[in-house]
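Subject: Handover of a structure and the findings on it

Dear colleague,

Please find below the sequence and the structure that I am handing over to you. The findings follow directly after them.

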Amino acid sequence: MAVSSKIDTLAVPVDTLQKSGAPDSDWIMHHIVDGREIELPFLGYVHIPQFPLVFGIDITPTKHVVFMLIAAILVFITFLSIARNYKKSVIPRRLANFFEIFIIFVRDEIAEPTLGKNYHKFLPYLLTLFFFILFGNFLGLIPFSATFTSNIAVTSTLALLSFLMIQLGGIRHNGFFGYFKGLVPHGIPVWLLPLMIPVEVLGLFTKPIALAIRLFANMIAGHIVILALIGLIFFMGTIFIAPISVAFAVFIYLLEILVALLQAYIFTMLTSLFIGMAVHQEH
Amino acid sequence: MHFNFLVAVLVSESGGGGLMDVNPGLMIWTVVTFIVLLLLLKKVAWKPIITALDKRENDIKQALEQAEKAKDEAKKILDENQANLAKAGEESKKIIEQSRTYAESLKEQMIKESKAQAKKIVDDAALEIQRKKDAAFEELKVQVAEIAVSAAEKIIKESLDPQKTKRVVDKYLSEVKKN
């Protein structure tokens, strides 16, 4: 339900543009969807060469792959230097001081309340997830870049990894059979089991699907709205609409900064919560 | 019309594909990137950072606990010192009081003793004087007797027989003694 309504809201501005005489939606989608070209400011386009197929799968890097790698490298360099700082002394300096807030936030506000005492096992995963998404979201806010976290393939893969993490966490703590037995709540009458088992199994899969679509839709929505607002200037054909468009675009951009931070938090928080629920099934 | 457009946006079309297209190559890239990043960071970043943070928190906790303990100890020592000081003051007062009474009694005793001694000396002196007086008197008596005798002898030698005279004088002297 939520998904289709979100797509509807996306479609409205795009639809309006099309009715007003645009040939198609390519101009707007070009900035949002993945592609084989990277736009460099003032230099033009760089075309990514075709890679050979691996097991019949085209693994040619796309625009989103490039920015994903950039984000990964940035995350790696940032936290490597921070780790160096901490190895030298326990006093945080500059970058370490700034990111320590986030690290401690993930540890004390996300991992510990949801996972309980042995949160240490999942902390590296949660931290990597949080900062990978955070850097990706913010990287997408830079002009000429692309938001790889607004790609459904990326978000579903991240959700899939979270799904595996949730199941592994549950199985490791409760045992293979104990975990699947614990999925169905205690004290349920036997005649309800044929209903409850499918519901619970379905529940396992809806969680990561919701994770994937939430991040994807949130990250793409702002970009589409900004593009639509700017596009309004050209389709109306008047300069007088520009101040309004720009004002609204700036507002949406600021909102996107908030959303970028918020979605990284929500994705991590929910993953941690689901792991916690799988580990402590009694609750 | 709405629906047609949606389908076009979601599943289409030229170039990089539609909004909802799932590119398996991209998924593989994501898995590889994320897992490599996770393993690398876990080794070189998260472990040292989390260890350092935990260590720092422990250090701060310990330092605070130690400070609290030191404070308690200092307070205890201060209390003890104050109690000791009060006790010492009390004691010194007692000692002064004691020595004062002792000195008082000593003074009294000494005065008494010296008075007694003085009295004794005076008594002795008086006794001695009496004794000396008596002795002098006795001697005087003898000398007077001799002088008188010799005088009388001189006088009587002129007129009387010395034996007769001596008898008279002795008789007289013994009368004097009796008196």
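From the N terminus on, the elements of chain A run α-α-β-β-β-β-α-α-α-α-α-α-α, which amounts to nine helices and four strands. Helices (H or I, at least four residues) and strands (E, at least two) are DSSP runs, numbered from the N terminus. Chain B, by contrast, has three helices and zero strands, in the pattern α-α-α along its sequence.

Two remarks on conventions are needed here. This is a predicted model, in which local features need pLDDT of at least 70 and side-chain atom pairs count only at pLDDT 80 or more, while totals for chains, interfaces and linings use all residues. Residues are numbered from 1 along each chain as its sequence is written, and chains are lettered from A and ligands numbered from 1 in the order in which they are written.

Of the 283 residues in chain A, 36% are buried, whereas the figure for the 179 residues of chain B is 9%. A residue is called buried if 20 or more other C-beta atoms lie within 10 Å of its own, exposed if 12 or fewer do, and partly exposed in between, with C-beta atoms placed from the backbone. Among the contacts in chain A with a separation of 6 or more, 68% are between residues 24 or more positions apart; two residues are in contact if their C-beta atoms, placed from the backbone, lie within 7 Å.

In chain A, strand E1 (residues 37-40) and strand E2 (residues 44-47) run antiparallel and are joined by four bridges; strands pair if DSSP finds at least two bridges between them. Glu39(A) has Tyr45(A) in E2(A) as its bridge partner. The two strands form a hairpin with three residues between them, and Phe42(A) in the turn has a positive phi of about 65°.

Phe144(A) also deserves attention, with a positive phi of about 75° although it is not a glycine. Most residues other than glycine have a negative phi. Phe144(A) lies in the loop between helix H5 (123-139) and helix H6 (152-174) of chain A, and it counts as exposed because it has 11 C-beta neighbours inside 10 Å.

Helix H4 (residues 94-115) of chain A has 22 residues and spans 30 Å from its first C-alpha to its last, close to the 32 Å expected at 1.5 Å a residue (1.5 Å times one less than the number of residues). H4(A) bends by about 30° at Glu100(A), the bend being the angle between axes fitted to the seven residues ending there and the seven starting there. Its buried residues include Ile103(A), Val106(A) and Ile110(A). Gly116(A), with a positive phi near 80°, follows H4(A).

The largest nonpolar core has 76 residues, and those with the most contacts inside it are Leu126(A), Phe130(A), Phe132(A) and Ile49(B). Such a core is a set of buried Ala, Val, Leu, Ile, Met, Phe, Trp, Tyr and Cys residues joined through C-beta atoms within 7 Å. Leaving aside neighbours within four places in sequence, Phe132(A) is in contact with residues including Ala71(A), Phe34(B) and Leu37(B).

Between the chains, 39 residues of chain B are in contact with 48 residues of chain A. On the side of chain B that touches chain A, H2(B) gives the most, with 25 residues.

With kind regards
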